[in-house]
Amino acid sequence: MNDLTQVVVTPKAKTAGFDALGVAVHRASTIVFDNAEAYATRGQRGAEGYSYGLYGTPTTRTLEQKLTRLEGGVRTFLVPSGQAANSIAMLSFLKTGDNIVVADTSYPPVRDFANQDLVRLGIEARYYDPSSLGDLERLIDDRTAMIWCESPGSTTMEVQDIPAIVAIARRLGILVGCDNTWATPLNFKPISHGVDFVTEGLTKYVSGHSDVLMGSITIARPEHEAIFTGFMGRFGIGVSPDDASLVLRGMETLGIRMQRSFQSAAAIVAGIQAHPLVDRVLWPPLAASPGHELWKRDFTGASGVFGIVFKEGCTAHISPALDVLTTFAIGASWGGTRSLVAPMPVRLNRTATCWSDPDIVLRVSVGIEALEDLQTDMTNLFDDISARTAKGRTGSGDSRSYAQTISRTGE
Ligand SMILES: *Cc1c(COP(=O)(O)O)cnc(C)c1O
């Protein structure tokens, strides 16, 4: 063979007998076929077959299958982010004239997507109180095609009655989607409670190392497979095998990371719950957290993400006081090995419910560092907020203008 050909054509090294535990990264756009007949009939290879890199590689299929089993669904689709999972789950099904009824406490970029893009397509977005089945039923009409849930809700942590919502939807022939990013399939399995599809921000706990963005949609019904496959292909949506391999690798420690985050979060919450600056802590394992009884009934555990509602007088001092933290980092997203805090505005992301508490909730994501260092950090933070509150210093401004400044930064 000519050298110029040899540098292009690669010999196939033997793979038989090479049973590595790690999942190989299969990179491909082109997939070649044994003969012209195989190429001509590639469209008939089915969900398991390979025809083009965009439609799946052994690496992405491995991750899809792993998630499908955990969720108890029939098929999983990987997408470039958790937000894409939510928007694609909606777009694949909704059509002009439909309406979608969305939990008021949904991830804020989901609200943005519904208000801007769905509305532009002639799909109305209505928001319901996530804790009120009556409110949900009141908003449903014969044009309602989908109910969107997120349990617990972003920032304010309301656990929803998914089985009851599914019962309403079934009776009326409406689809139910649920964003399960906080719980992960280890702590809640929405499909086993009857939802039609579940989305995950794999970016968070499942990948777990704050270095990759990915989302998944797992479907519960075989008849939806062709709808999603078609939509994803026509829109050209897929993920890289390198990213899928990072998620596969991170996922192996999901169980112990979640357990560790939960245990450390429980210890931290116990230490701050009764602090004079704290109004309440929003975390489903706590009896006073909204939907706690539903969490106890339907979930098998909790993650280490919770919200702190401070008393009215100290809200303005939270943000400047964050600078004393040394182990906790300040940043968006959560669910990684590293502990994070982020002050979250609530009111401007609520239209169906009334948030009458102070308008910054401090979201805390507890990672896997030594608990002692995290507790020291928390003590220093609370001491600093106390000192600032006592002195009446306002730091970088009042909480309202701060909420407005960060409102459009999404996650
Ligand atoms: C972060 C988050 C997402 C989006 O995940 P990305 O991969 O960052 O787009 C979706 N849903 C919830 C509840 C989230 O917290």
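## The ligand and its surroundings

A residue is counted as near a molecule if one of its heavy atoms lies within 4 Å of that molecule. In this predicted model, 15 residues surround the ligand. The closest of them are Gly-82, Gln-83, Asp-179, Thr-203 and Lys-204.

The shell around the ligand comprises seven polar, four nonpolar and four charged residues. Helix H4, which spans residues 82–91, contributes the most to this shell, with three residues.

A polar backbone atom of Gly-82 is 2.7 Å from an oxygen atom of the ligand, and a backbone N or O atom of Gln-83 lies 2.9 Å from a ligand oxygen atom. The side chain of Asp-179 is also involved: one of its polar atoms lies 2.6 Å from a nitrogen atom of the ligand.

How much of the ligand does the protein bury? Taken alone, the ligand exposes 370 Å², and the protein buries 93% of that area.

## The largest pocket

Rolling a probe the size of a water molecule over the atoms shows where empty space is left. The largest pocket holds about 530 Å³ of space. Its lining consists of 28 residues, and those closest to the centre of the pocket are Leu-54, Tyr-55, Gly-56, Arg-61 and Thr-229.

Helix H3 (58–71), strand E1 (75–79) and helix H9 (225–235) are the elements that each give two or more residues to this lining. Helix H9 gives the most, with five residues. By class, the lining of the largest pocket has twelve polar, ten nonpolar and six charged residues.

Methods
Residues numbered from 1 in each chain as written. Predicted model: local features only at pLDDT ≥ 70, side-chain atom pairs only at ≥ 80, totals over all residues. Heavy atoms only, no water. Polar contact = N/O pair within 3.5 Å; in protein donor to acceptor, adjacent residues only side chain to side chain. Areas by Shrake-Rupley, 256 points an atom, 1.4 Å probe, with all protein chains shown as cover. Helix = DSSP H or I, 4+ residues; strand = E, 2+ residues; numbered from the N terminus. Nonpolar A, V, L, I, M, F, W, Y, C, P; charged D, E, K, R; others polar. 1 Å grid on protein atoms, 1.4 Å probe; cavity = no way out; pocket = protein on both sides within 12 Å on 5 of 7 lines; lining within 4 Å. Points joined across faces, edges and corners; volume = space filled by probe spheres on them.
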